[in-house]
Amino acid sequence: MTTVPPFEELAAPSHWRTVEFISDLHLQASEPATVAAWLHYLQTTQADALFILGDLFEVWVGDDALQEPGSFEATCCASLQAAAQRLPVFFMHGNRDFLAGPAFLAHCGITGLADPTVLVFGGQRFVLSHGDLLCLDDVDYQRFRVQARSAEWQQQFLAQPLATRRAQARGIRQESEARKQSGASYADVDGPAAIAWLQAAGARTLIHGHTHKPASHLLAPGLQRVVLSDWDAAALPPRVETLRLSGAGLERVALAPSYQRS
């Protein structure tokens, strides 16, 4: 039997006309094209609110990385802070940046979102999630997820020196890249579990990321899940996309990377 988690609820203010969703940018210094595209997007989006549904960063080793002079994390957060002065920005943890804590949110001036959250917009209810919690077939990951989200595990990890944590993160990235190059398949969202979530939330649409398989799936009559795209501005063709929600419904919007906007 599917376990349905508790839902937090966010009611969009009446003046919001357009909101946008992004996820799985996996920002890292070694991918400057994607970072540049993201910075340009933050500066130019006309949305009334921005929802980041996890894995904004390839890895987050602790909020103390913000205190390291000139760090990649500090540079990114300065841009988030500037964007948050123009529009509300909401952040949900992913499986790569689940250690982003209260200091990160406060430093950037953004609002944390529980996973899952129900967004009430235009008289409709939308379930927002990173998506990893619904990949039930990935048993090893689900076991790790429970462990890594525990206060004890996080305290032990964060107690290590920053340099040690960065080294461990590099090792994890190398393992992940090796698995990707091997062509290993990844678990997808469990359909019955997604339906159970929607029914429990009184919603018709689930919006999530994590799987890097952008598509819209009809789960049951009147119920759908919409998968966000990951970002890779250096790919051919580039993958730089936002999902826009307005009174007209949901629309995928492809964004030209900033280096193409000369």
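Author: Helix 6 supplies the largest share of the lining of the second largest pocket, 4 residues; helices (H or I, at least four residues) are DSSP runs numbered from the N terminus. The model is predicted, with local features needing pLDDT of at least 70 and side-chain atom pairs pLDDT 80 or more, while totals for chains, interfaces and linings use all residues. Residues are numbered from 1 along each chain as its sequence is written, and side-chain values use heavy atoms, without hydrogens and water.

About 240 Å³ of space lies in the second largest pocket. A pocket is, on a 1 Å grid over the protein atoms alone, an open set of points where a 1.4 Å probe fits, with protein on both sides within 12 Å along at least five of seven lines; lining residues have an atom within 4 Å of a point. The volume is the space filled by probe spheres set on the points, which are joined across faces, edges and corners. Of the 14 lining residues, Val59, Phe72, Glu73, Arg166 and Arg173 lie nearest the centre. Helix 2 (72-84) and helix 6 are the elements giving two or more residues to this lining. By class, the lining divides into 7 nonpolar, 2 polar and 5 charged residues; Ala, Val, Leu, Ile, Met, Phe, Trp, Tyr, Cys and Pro count as nonpolar, Asp, Glu, Lys and Arg as charged, and the others, Gly among them, as polar.

Helix 6 also gives the most to the lining of the largest pocket, with 10 residues. That pocket holds about 1,400 Å³ of space, and its lining has 16 nonpolar, 10 polar and 16 charged residues.
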